[in-house]
Amino acid sequence: MYKAKHPGIISTVITIIVLALLVFLTNVDIKNLSYAQSISTAVIKPVQNGFTYLKNKITGNDAFFTDLETLKKENEDLKNRNSELEEQLRELEIIKAQNASLQEYAVLKDKYSTYESVAADIIDRDISNYSSQLIINVGKKQGVDAGMTVLAEEGLVGHVVSATDNSATVQVIVDASSSVSAMITTSSESIICKGSIDSTSELRATYIDTSSEILVGDTVVTSGIGGIYPKGITIGTVSNVVNTNNLTDRYAVVETAVDFSKLYTVLVIKN
Amino acid sequence: MKKILIGVITYISFLIIYFIQTNFFNWFTIAGVSPNLFIILALFLGLFTSNYFALVLSVIMGLTIDFEVGRQFVGTTAIMLTIISVLSTYLDKNFSKDSRLTIIIMVILATIVYEIGLYGLNIFIFGFETEMGTFMKILLIEVLYNTIITSILYNPMRKLGNLLESYFKERNILTRYF
C-alpha cells in the first residue's frame with residue numbers, strides 16, 4: 001500500500017499554505033479582490049450571456065435583439081464620451097489635491113512656526129497586540145525628553161514617555177492607556193479622548209457635556225489642559241455618536257487624523 | 001563553558017527572532033493580530049534545557065524586550081516570560097514532550113497565561129481600560145497563530161530540543177516513573 005515518504009513535510013507545507021491564506025484573507029480589503037472578481041466574471045459572464053440568448057430565442061422574447069447593432073454603436077460612443085469626461089475629472093481632482101496640499105503646508109508652517117522641533121523616523125513598534133508605542137531615532141542628545149509632544153503632518157501622534165541618548169519611546173494617542181484632553185472646534189466644549197485595544201485608528205471621546213451638541217464630522221483638537229499637549233493640535237474628526245439610556249454615558253468615536261499604520265516620520269516639539 | 005556558549009547562541013537566536021517579530025510579523029498578521037514567538041521560545045527553553053538556564057535566559061530576554069519596546073516601567077515582559085519558564089519546567093516534569101499535540105497544548109496554555117498576565121499587569125500598572133470582549137478576540141487569534149507556528153516548527157524544534165536536552169539533562173532520571 002502507498003505510504004507517504006515524508007508525511008511531516010506535507011503537513012507542514014499544508015499548514016504554511018493555510019497560514020498564508022489566513023493572513024491574506026484577514027488583512028486584504030475586499031475591494032482589492034476586484035481583479036479576482038474580474039477574472040471570474042470574464043469566464044462566467046459569456047457563458048451566462050449565451051444561455052440568456054438561447055432562452056430568449058426559445059421563449060420568443062428576442063425583439064430586443066433587432067436593435068442590437070444600433071444600441072452597440074450608441075453604447076460605444078457613450079463609452080468614449082464617458083472616458084473623456086473621466087479623464088478631465090481626474091485632472092481636475094489632481095489639481096484640487098495639489099492645491100489642498102499646498103494650502104495645508106502653508107497652514108502647517110504658520111501653525112507650528114512658533115515651536116522648536118526635531119524630525120524623527122520611527123524605527124520600532126511595540127510587539128504587543130494591545131499596546132501601541134513607537135520608538136523614534138532621536139533622544140536626549142538631540143534634546144528630546146519625556147513629556148514632549150509628537151506630531152505628524154496630519155495632526156497629533158502622542159508624547160514622549162521616555163528617552164535614551166539616541167532614541168525615545170512615544171506613547172501614541174490610540175494606546176489603551178492614553179487619555180488626551182480635547183475640545184470640539186465647533187462648540188468649544190471639552191471632552192476626553194481615550195485609546196483602546198480595539199482599534200489603532202479610533203479614539204473614544206467621553207465626558208461629553210449633557211447639553212453638548214456633538215455631531216458627526218466635528219473636528220476634535222487638543223484643549224491644552226493637562227500640560228502635555230499644546231492647544232489646537234488636530235486629533236481627528238467625530239465619526240459616530242453613540243447615545244445611551246443615560247445621557248452622561250454617551251460617547252463619540254473619533255477617527256484619528258493620523259493614519260498610524262502608515263506613519264514613518266514624526267516631528268517632536270521641543271518647547 | 002559549553003553551557004555559556006549555548007547561552008550566547010540562544011541569545012543571538014533570540015535577537016534574530018526579535019527582528020523577525022518586530023519587522024516581519026508586524027504586517028504578517030491574522031486580522032491585525034501577530035503571534036508571539038517569545039512565548040514559544042521561553043517554553044522551548046523550559047522544556048529542553050535546565051530550570052536555571054531557562055530562567056536566566058527568560059529574564060534576560062524579557063528585559064531586552066522591555067528595554068527596547070517596553071513602557072516606562074521596565075519588567076512586565078521579563079516577569080511574564082519568567083512565569084512561562086517556570087510553567088514549562090512544571091509541564092516538563094509532568095507531561096511527555098514526545099507528541100506534537102502535547103507541545104501544541106503547552107503552547108496554548110503558555111500563550112493564555114502570558115497574555116492574561118500581561119494584560120492584567122497593564123490594567124494594574126498603566127490603567128488600561130478593561131475590554132474583555134476585544135481582549136478575548138485578540139487572545140483567541142494569537143493562540144491560533146502560535147499554534148500554527150508551533151505546528152510548522154515542531155520537527156526542527158524537536159530535533160534541536162533533543163540536542164539541547166542531551167547537554168543539559170543527560171544525567172537526569174525521570175522521577176515520574178518511580
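In this predicted model, strand S2 of chain A pairs with strand S5 (residues 168–172) of chain A in the antiparallel sense, and four bridges hold the pairing. Within that pairing, A:Ile135 has A:Thr169 of S5(A) as its bridge partner. S2(A) also runs antiparallel to strand S1 (residues 117–125) of chain A, to which three bridges join it, and here A:Leu134 is the bridge partner of A:Arg125.

The side chains of a regular strand alternate between the two faces of the sheet.

The largest nonpolar core contains 86 residues, of which A:Cys193, A:Ala205 and B:Leu43 touch the most other members. Helix H2 (residues 37–48) of chain B supplies the largest share of this core, with 10 residues. Because domain 1 (117–173) and domain 2 (179–257) of chain A both give residues to this core, it lies between them. The surroundings of A:Ala205 can be followed residue by residue: apart from neighbours within four places in sequence, A:Ala205 is in contact with A:Ala182, A:Ile191, A:Cys193, A:Val220, A:Tyr251, A:Ala252 and A:Val254.

Chain B is built from six helices and has zero strands, so that its pattern along the sequence reads α-α-α-α-α-α. The radius of gyration of chain B is 16 Å, close to the 16 Å that the globule rule gives for 178 residues, and chain B is therefore as compact as a globular protein of that length. Along its principal axes, the C-alpha trace of chain B spans about 50 × 30 × 30 Å. Of the 178 residues of chain B, 35% count as buried, and among the contacts in chain B between residues at least 6 apart in sequence, 73% join residues at least 24 apart.

Key: Residues are numbered from 1 along each chain as its sequence is written. Chains are lettered from A and ligands numbered from 1 in the order in which they are written. This is a predicted model: local features need pLDDT of at least 70, side-chain atom pairs count only at pLDDT 80 or more; totals for chains, interfaces and linings use all residues. A nonpolar core is a set of buried Ala, Val, Leu, Ile, Met, Phe, Trp, Tyr and Cys residues joined through C-beta atoms within 7 Å. A residue is buried if 20 or more other C-beta atoms lie within 10 Å of its own, exposed if 12 or fewer, and partly exposed in between; C-beta atoms are placed from the backbone. Helices (H or I, at least four residues) and strands (E, at least two) are DSSP runs, numbered from the N terminus. Domain bounds come from an automatic or database domain assignment. Two residues are in contact if their C-beta atoms, placed from the backbone, lie within 7 Å. Two strands pair if DSSP finds at least two bridges between them. The radius of gyration is taken over C-alpha atoms; the globule rule is 2.2 Å times the number of residues to the power 0.38.
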